[in-house]
Amino acid sequence: MNREEVVRAVLEVLPGSSFLVTTTGLISREVFAQKDRDRNLYLLGSMGLASSIGLGLALLRPSAHVVVLEGDGSALMSLGVLPSIAAEQPARFTHVILDNEAYESTGSQPSISSRFELSTAGRAAGYSSNVAASEADSLADAIREASIQNGPCLVVAKVALDPALRTPPRVTLSPADIRDRFRLAFANRGGPAGVK
């Protein structure tokens with residue numbers, strides 16, 4: 001799978017009521033290009049913070065389904081959050097890591113995830129379930145299952161680097177606009193989840 005395919009597979013099965021937190025760089029850009037909506041929180045320039053922010057949202061609204069979508073580089077920056085997520089046991093928390101073994105957004109420098117299994121780290125931390133997916137169908141099934149399970153679920157999707165270095169367009173919303181519309185949606189004052 002490549003990044004575009006993985007993001008599409010996640011977005012196609014993501015319940016409309018879910019809140020999605022995406023890491024900085026190409027992942028946020030890909031989500032924005034494919035399915036922008038007010039329940040997406042794009043963390044522009046905030047690498048390594050997606051899982052922490054997602055956990056905070058899940059603790060604030062235990063009934064909400066919160067999905068974190070980040071790359072292996074971002075996850076490796078914040079490994080200490082994994083046991084915190086497992087210890088807090090947010091009931092409807094899905095953590096998806098796109099693992100291409102590189103920092104693709106900054107030039108595809110290799111990460112250490114080729115020698116460090118992120119799914120093993122999630123299991124050791126105490127996530128309720130851990131799934132490794134290498135095909136779009138198994139990834140979609142894992143996201144569907146995670147959305148109805150009780151407790152935090154980790155899904156690690158192995159992703160190929162994009163040989164063409166295709167880059168989706170930048171997120172055109174300002175950080176303040178992203179924050180404000182997400183805050184309204186999260187507080188249930190923004191009406192139904194809007195898709196643009």
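Let's start with Ser74: buried or exposed? In this predicted model, Ser74 has a relative accessibility of 3%, and because the cut-off for buried is under 20%, Ser74 counts as buried. You'll find Ser74 in helix H4, which covers residues 72-77. And what does Ser74 touch, once we set aside its neighbours within four places in sequence? The contacts are Thr23, Met47 and Gly48.

Now, over to the nonpolar core. The largest one has 54 residues, and the members touching the most other members are Val6, Leu69, Val96, Leu98 and Leu139. Helix H1, residues 3-13, gives this core its largest share, with 6 residues.

Not counting residues up to four places away in sequence, Leu139 touches Met1, Val6, Ala9, Val10, Ala133, Val155 and Ala157.

That brings us to strand E8, residues 153-158. How many of its residues are buried? The count is 5 of 6, so by the under 20% cut-off E8 is mostly covered.

Which strands pair with E8 here? One is E4, residues 93-99, joined to E8 by 6 bridges, and the two run parallel. If you want a spot to look at on screen, Thr94 stands opposite Cys153 in E8. Another partner is E7, residues 129-133, also running parallel to E8, with 5 bridges between them. There, Val131 stands opposite Val155 in E8. To get from E7 to E8, the chain passes through helix H7, residues 136-148, and this β-α-β crossover is right-handed.

Note on methods:
Residues numbered from 1 in each chain as written. Predicted model: local features only at pLDDT ≥ 70, side-chain atom pairs only at ≥ 80, totals over all residues. Heavy atoms only, no water. Core = buried A, V, L, I, M, F, W, Y, C linked by side-chain atoms within 4.5 Å. Buried < 20%, exposed > 50% of the residue type's maximum accessible area, 1.4 Å probe, protein only. Helix = DSSP H or I, 4+ residues; strand = E, 2+ residues; numbered from the N terminus. Contact = heavy atoms within 4.5 Å. Pairing = 2+ DSSP bridges. Right-handed = clockwise from strand over helix to strand, strands pointing away.
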